[in-house]
Amino acid sequence: MASTTRDGRDPDPDATPAFSVEGLSKRFGSGADAVHAVEDVSLSVERGSIVGLLGPNGAGKTTLIKSILGTVIPDEGTVRVLGRDAADGRRGAYANVDAMLEGARNDYWRLTVRENLRYFATIGGVAPDSVADRHDRLLDRLELTERADTPVRELSRGMKQKVSLASVLAGGAELVFLDEPTLGLDVEGSRTLRREIRRLAEEEEVTVVVSSHDMQVVEDVCDRVVVMSEGSIVADDAVERLLGAVDDYRVRIASDDLSPATIADLRDRFAVADADASADPPTLAVSTDGDAAYDLFEALHAADVTLDRVDTVEPSLEDVFVRLTGAAPDASSASEPDDGAARAGRPRAATAGDDGGVQ
């Protein structure tokens, strides 16, 4: 499917993509018990873009990412990373690729924040002294400077998450994959991380793939969204185009006069999207266009409903997701087959240690 920019423009067709997959399939098991985790997926992502990868649990997202990263070997199809065929040489293909998978369990918790950055730059083939200034900038932008010499194990969950991102970026990777990057962050921490992700793409042309159940994060930072369901891609387009494809505008009202009987009557006459008679004050949301809105307000007036608050609600990425997959976003872990690969990207350690780091 075609790649697009954040405003829906088509990218330069002559530019080498950050990565591409063609006809990729992966099955786990055999015979009647085989699970088709990914089925004939083709995808190309331009450099310097931010792509959101969405899908309900078991949709194939994790298997697709690990197939691109080389930690899962697909049964069929090809993978090209930064212009190289991944099958022709893993080290060369993934030299400038990194990933933050499985939340904050990506760092050595007994090392300090700065020591982690130096360590991961080193195993990525980069002399840590040569990128010391980069590390200082990362620490500053992610608000970690004051804790730079603190062991990671002493940090809050949110700070550990930011250290994981900093470690992924420590060596100057051109392509990064981020799994639930804002998990455990407070509101301000999440905003900081979103700003840094956008800056990386806009100023340093880093390509970022974000897999998250937080629809607001994806809607805020991504140029483009790929939606998977049952192992296949069911949508791939710019965020604005996806939002524009859903004609589901709503009027949300709040009033102490919205009794259960009144709500029941309105359900019979209008497309009520949701209602909560137990809220304080009770609320009602109706899917409607301009003309039907007049009928709604006339009905509310006839029922002696005094309006405390009226809001218009535009379609969200969550609405798009539900319409495409029939499933609500779920923040729990993906229920895809276990392929035994816990790490990906540049050559790093592979299993989580008892101290929360990797061994």
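Helices (H or I, at least four residues) and strands (E, at least two) are taken as DSSP runs and are numbered from the N terminus. The structure described here is a predicted model, in which local features need a pLDDT of at least 70 and side-chain atom pairs count only at pLDDT 80 or more, whereas totals for chains, interfaces and linings use all residues. Residues are numbered from 1 along each chain as its sequence is written, and side-chain values use heavy atoms, with hydrogens and water left out.

The pLDDT, the predictor's confidence in each residue on a scale from 0 to 100, averages 84 over the chain, and 85% of the residues score at least 70. Over residues 1-11 the pLDDT stays under 50, and the model has 36 contacts beyond four places in sequence for this stretch, a contact meaning heavy atoms within 4.5 Å. Residues 331-335 also have a pLDDT below 50, and this stretch has eight contacts in the model beyond near neighbours in sequence.

Two strands are said to pair if DSSP finds at least two bridges between them. On this basis, six strands form an open sheet with mixed pairing, in the order β6-β7-β8-β3-β9-β10. Its edge strands, each pairing on one side only, are β6 (97-100) and β10 (232-238). Neighbouring strands of this sheet are turned by 15 degrees against each other on average, direction ignored, where axes are lines fitted to C-alpha atoms, for helices over the stretch in contact, and angles run from 0 to 180 degrees between N-to-C directions. Strand β9 (residues 224-229) and β10 run antiparallel and are joined by six bridges, with V226 standing opposite D236 in β10.

Helix α1 (residues 61-69) packs on this sheet, where it touches β3 (50-54), β6, β7 (175-179), β8 (207-211) and β9, and its direction makes about 135 degrees with that of β3. Eight of the nine residues of α1 are buried, and the helix is thus mostly covered, buried meaning under 20% relative accessible area, exposed over 50%, and partly exposed in between (1.4 Å probe, protein chains only). The buried residues of α1 are K61, T63, L64, I65, K66, S67, I68 and L69. Just after α1, G70 takes a positive phi of about 85 degrees.

In helix α11 (residues 317-325), the buried residues are L317, V320, F321 and T325. They cover an arc of only 105 degrees around the axis, which means that they lie on the same side of α11; the arc is that of the directions from the helix axis to the C-beta atoms. The buried residues of α11 pack against β3, α7 (215-221), β9 and α8 (239-244). The residue that follows α11 is G326, whose phi is positive, near 75 degrees.

A further helix, α6 (residues 187-204), contains R194. This arginine is buried, with a relative accessible area of 17%, and, leaving aside its neighbours within four places in sequence, R194 is in contact with Q216, V217, D220 and V221.

Strand β13 (residues 283-287) is largely enclosed by the rest of the structure, because four of its five residues are buried. Strand β11 (residues 250-254) runs antiparallel to β13 and is joined to it by five bridges, while strand β12 (residues 272-276) pairs with β13 in the antiparallel sense over four bridges. L284 in β13 is the bridge partner of I253, and A275 likewise stands opposite L284. Between β12 and β13, which form a hairpin, there are six residues.

Aromatic rings of Phe, Tyr and Trp (its six-membered ring) are counted as a pair if their centres lie within 6.5 Å, with planes under 30 degrees apart classed as stacked, over 60 as edge-to-face and the rest as tilted. By this rule the count comes to four aromatic pairs. F19 and F177 form a tilted pair, at 5.7 Å centre to centre and with 40 degrees between the planes. Since F19 lies in strand β1 (residues 19-28) and F177 in strand β7, the pair ties together parts that are 158 residues apart in sequence. F19 counts as buried at 2% relative accessibility, and F177 counts as buried at 2% relative accessibility. Y108 and F120 form a stacked pair, with 6.4 Å centre to centre and 25 degrees between the planes. This pair links Y108, in the loop between β6 and α3 (113-123), with F120 in helix α3, 12 residues apart. F120 is buried, with a relative accessible area of 2%, and Y108, Y119 and F120 form one aromatic cluster.
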